[in-house]
Amino acid sequence: MGTAAAAAAAAGEGARSPSPAAVSLGLGVAVVSSLVNGSTFVLQKKGIVRAKRRGTSYLTDIVWWAGTIAMALGQIGNFLAYTAVPTVLVTPLGALGVPFGSILASYLLKEKLNILGKLGCLLSCAGSVVLIIHSPKSESVTTQAELEEKLTNPVFVGYLCIVLLMLLLLIFWIAPAHGPTNIMVYISICSLLGSFTVPSTKGIGLAAQDIFHNNPSSQRALCLCLVLLAVLGCSIIVQFRYINKALECFDSSVFGAIYYVVFTTLVLLASAILFREWSNVGLVDFLGMACGFTTVSVGIVLIQVFKEFNFNLGEMNKSNMKTD
């Protein structure tokens with residue numbers, strides 16, 4: 001009986017379920033952050049276009065700075081959400097920023113959003129709701145000691161080495177030659193860096209819990225927090241640079257849509273390797289999350305791939321009347 005109780009206690013420590021209030025607050029912050037992040041690319045693109053017309057740098061444009069400030073606020077919101085609920089619950093909600101950004105771009109940048117695009121917006125929102133319903137509600141890493149153990153896991157270290165190698169190849173060899181003509185180059189750089197930003201953000205929240213405690217582990221927690229802050233800062237700076245490079249060359253809504261899918265996939269992969277949050281997901285919830293993510297991806301494809309098609313419901317009704 002004593003062994004069973006100890007095992008149950010250990011299992012409870014390894015998988016902590018946040019309170020309903022914390023989950024609701026984290027989800028609310030994540031949704032608002034997604035909408036704010038969805039506006040950043042559009043505002044920055046608008047600032048870049050305005051600056052080009054004037055023949056000046058986009059650093060002098062107030063609209064570009066508004067997008068940059070919005071990006072900073074969105075990242076702060078994401079940080080708060082990641083500290084409250086599991087990563088796999090927050091990251092997919094970035095899908096809400098895609099339809100919001102597309103609608104905003106149709107007004108500010110005059111980018112097309114036809115009936116299929118509007119249907120894609122609806123599907124993206126519906127898929128996000130499915131993801132929320134089926135995502136894990138418990139944390140698998142809840143203490144600094146568990147975090148340090150996960151960070152030194154050979155599987156995660158090997159994954160980081162592969163990511164670093166790919167980033168070096170992309171930044172120093174591929175991006176200079178093919179970045180301005182192939183949108184996937186800049187998207188790959190920014191998405192791979194997400195393998196550092198999101199786990200670092202989550203880790204900072206865990207380490208910060210022990211920093212202000214008067215115990216021997218507080219010094220280790222401070223060192224770990226500073227290292228993760230340095231990694232997070234470098235990752236954000238590099239991402240910021242290549243996001244603006246991409247916006248100078250490509251459509252903002254196309255970049256935002258493809259970026260969401262690739263970024264979310266890689267972040268979920270990194271989080272699954274590091275935090276093992278998927279270990280608490282049953283088969284039904286796993287299939288539900290897969291269907292939700294597929295629905296979101298299909299919605300994003302409808303928003304972007306068919307945006308050049310010029311048709312609406314009125315034209316479809318006329319076509320049906322002619323057929324009759």
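**Close-up views of the predicted model**

**View 1. The lining of the largest pocket.** Helix α11 supplies the largest share of the lining of the largest pocket, with eight residues. The model is predicted, so to speak of local features a pLDDT of at least 70 is needed, side-chain atom pairs count only at pLDDT 80 or more, and totals for chains, interfaces and linings use all residues. Numbering runs from 1 along each chain as its sequence is written, and side-chain values use heavy atoms, with hydrogens and water left out. A pocket is an open set of points on a 1 Å grid over the protein atoms alone, where a 1.4 Å probe fits, with protein on both sides within 12 Å along at least five of seven lines; lining residues have an atom within 4 Å of a point. The lining holds 36 residues, and Asn-37, Gln-75, Asn-78, Tyr-259 and Phe-263 lie nearest the centre of the pocket. Two or more lining residues come from each of α2 (20-54), α3 (62-84), α5 (97-108), α9 (183-211), α10 (217-249) and α11 (252-275). By class, the lining has 18 nonpolar, 18 polar and no charged residues (nonpolar: Ala, Val, Leu, Ile, Met, Phe, Trp, Tyr, Cys and Pro; charged: Asp, Glu, Lys and Arg; polar: the others, Gly among them).

**View 2. The second largest pocket.** This pocket has a volume of about 220 Å³. Its lining consists of 14 residues. Nearest the centre lie Leu-151, Phe-156, Leu-160, Ser-200 and Leu-228. At least two lining residues are supplied by each of α7 (144-151), α8, α9 and α10, and the largest share, five residues, is that of α9. The lining divides into eleven nonpolar, three polar and no charged residues.

**View 3. Salt bridges at Asp-61.** The count of salt bridges (a side-chain nitrogen of Lys or Arg within 4 Å of a carboxyl oxygen of Asp or Glu) is two. One of them pairs Arg-50 with Asp-61 at 2.9 Å, N to O. Arg-50 belongs to helix α2 and Asp-61 to the loop between α2 and α3, so this pair ties together parts that are eleven residues apart in sequence. Arg-54 also forms a salt bridge with Asp-61, and the closest N and O atoms are 3.1 Å apart. Shared partners join Arg-50, Arg-54 and Asp-61 into one network. Asp-61 is buried, at 1% relative accessibility (buried: under 20% relative accessible area; exposed: over 50%; partly exposed: in between; 1.4 Å probe, protein chains only). Arg-50 is partly exposed at 29%, and Arg-54 is partly exposed at 43%.

**View 4. Leu-123 and Leu-302.** The C-alpha atoms of Leu-123 and Leu-302 are 9.1 Å apart in space, while the two residues are 179 residues apart in sequence. Leu-123 is part of helix α6 (residues 115-134). Its relative accessible area of 26% makes Leu-123 partly exposed.

**View 5. Ile-174 within the helical chain.** Ile-174 sits in helix α8 (residues 154-178). With 33% relative accessibility, Ile-174 counts as partly exposed. The protein chain has 13 helices and zero strands (DSSP runs, numbered from the N terminus: helices are H or I, at least four residues; strands are E, at least two). Of the 324 residues in the protein chain, 46% are buried.

How values were computed
Grid points are joined across faces, edges and corners, and a volume is the space filled by probe spheres set on the points.
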